[in-house]
Amino acid sequence: MRLTETADLWWKNAVIYCLDIETFFDTDGDGRGDIRGLSQRIDHLAELGVTCLWLMPFYPTPDRDDGYDITDFYGVDSRLGSHGDLVELITLAQDRGIRVIADLVVNHTSDQHPWFQSARSSRDSPYRDWYVWRDEPPPDADKGVVFPDQETSLWQYDEQAGQYYLHQFYKYQPDLDIAHPEVREEIMRVIGFWLQMGLSGFRVDAVPFLIDTAGALDAANLPDPHDYLRDLRAFLTRRTGRAILLGEVNLPYPDTRKFFGDEDGDELTMCFDFIGMQKMYLSLARQNPAELIEALRERPDPPEEAQWGTFVRNHDELTLDKLTDEERQEVFSAFGPDKDMQLYGRGLRRRLPTMLGNDLTRIKMVYSLLFSLPGTPVLFYGEEIGMGENLAAEGRSAVRTPMQWTNGPNGGFSTADPKQLAGPVVEGELGPEHVNVAAQRRDPDSLLNWIKLLIQRYRESPELSWGTCTILEHESPTVFAHRSEYESGSVIALHNFSAEPAEVTLAVAGSGVGVRVADLLTGKLAEVDTDGTLRHPIGPYGCCWLRVVHPGDRYIV
């Protein structure tokens, strides 16, 4: 085993689970989840097989953007708990083999942050230069608006300051000037503080915006913005060599690859694979894996100690911005035909089960695909039980509904009056009366138990996380087949994107004498032909993981 193949690189085969504390579990009956509630439910994550918990923002906030508008980067919102509660949670998680990371949202602050309040009060304020100001907005101020339904410009005039300030997102989220040395030092202090509190790293919000210095008047004379990411990574490594930076970088593959850094990986530890996710949905819409296959072939290899983060759903809209207009419309037509299901004309505010008509076989196939693809799988809370969305909630909050624990009032999330809840509970066939943790724990055929099995097999199969992936050619256009090899091990995964059964013929071994394949998901064995080929049927929306077993091999199914 090489030095790089050690537990120090825990993110290479991690299972990451993202949640919003305020919608997970409420212990004090105020309608809002809290840190103590998450602590009480930490064993659910441990039983599921989660190894890394990603917390969405828990910092003090006016809460105009679900916590992404922050007023104190060192604080814990008192409505969620205290620093002591957070340390207890981290300790409980670590006792169960779960690391904890948190959102690092330092592209901007809330306009209520003391820094901005001071900055706007006087041009002589020590915080004035921490933000980006201009006497007049640039001529292209309306280009690149992220939320076109709510903003018309990236620059907002502030009466008190007498100048315009830059805001890449909402007007109540003024951008910090990342080129300012004091801002950079302060961000490092923030990182150092939370590492000392026990965090194992950060999911870095909106990374391309964070290092974008185009708004600065002297932008042409500033250092390479990527130098700052290298500085952050070096600082992180000095403080604790096993912490990670997981970056939200939604750019074309060649541009995203730059955010990993050089061949040694000296910038982000991980980047989300937004392109692969979008192409997966296009493939699902077409019931043909060709687009996903093309994306995987185009996806650049990360540095040896880095990794791609793969996902089916995240906490924002399901963005389809890298598809063509025609391709995006295909996905809309298949999975979100109503305008109310769409957002900003570029994405969907739905969860997978509703998009797939609550077809459990098809849903299970998609999660089998997630855990077999090269990369580190990331789950969004509620995915393990097949939660839906509530379109009555505003914007992206449609998928940030309360966790469904039981079939009782409010899904067992809270004892509060429903009007007091942090968000509306899902209704209809995917509401807690039909979809909840308690019922699925008792049902061996449930999605919850399926995902537990997938996680267990994924963790037992180093080929999937450490190995080399090869896409396999065969005669069936609706089946995606790929092979992952590591040392002497080999796992072949098959996924049928179609509602029709299929059969594939695969070259499995040079000689098939005595060679078998063991299905890791069912335990069934099949013989390989003497010429080394395997003819394997696969049902409608079927899936299987086949470990190649040679004579004399030891294996566990």
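**Notes on the aromatic rings**

1. W10 and W11 are both buried (buried is under 20% relative accessible area, exposed over 50%, partly exposed in between, with a 1.4 Å probe and protein chains only). Bear in mind that this is a predicted model, where local features need pLDDT of at least 70, side-chain atom pairs count only at pLDDT 80 or more, and totals for chains, interfaces and linings use all residues. Residues are numbered from 1 along each chain as its sequence is written, and side-chain values use heavy atoms, with hydrogens and water left out.

2. There are 33 aromatic pairs, counting rings of Phe, Tyr and Trp (its six-membered ring) with centres within 6.5 Å; planes under 30 degrees apart are stacked, over 60 edge-to-face, the rest tilted. One of them joins W10 and W11, edge-to-face, at 5.9 Å centre to centre with 75 degrees between the planes.

3. F116 and Y131 also pair up: ring centres 5.0 Å apart and planes at 75 degrees, so this one is edge-to-face. It ties together distant parts of the chain, 15 residues apart, with F116 in helix α4 (residues 114–121) and Y131 in the loop between α4 and β4 (133–134). Helices (H or I, at least four residues) and strands (E, at least two) are DSSP runs, numbered from the N terminus. F116 is buried at 0% relative accessibility, and Y131 is buried too, at 3%.

4. Y17, F24, F25, F380, Y381 and W405 make up one aromatic cluster. Two arginines sit over rings here: R41 has its charged end over W405, 5.0 Å from the ring centre, and R351 lies over the face of Y381, at 5.3 Å. The cut-off is NZ of Lys or CZ of Arg within 6 Å of the ring centre and within 35 degrees of the ring normal.
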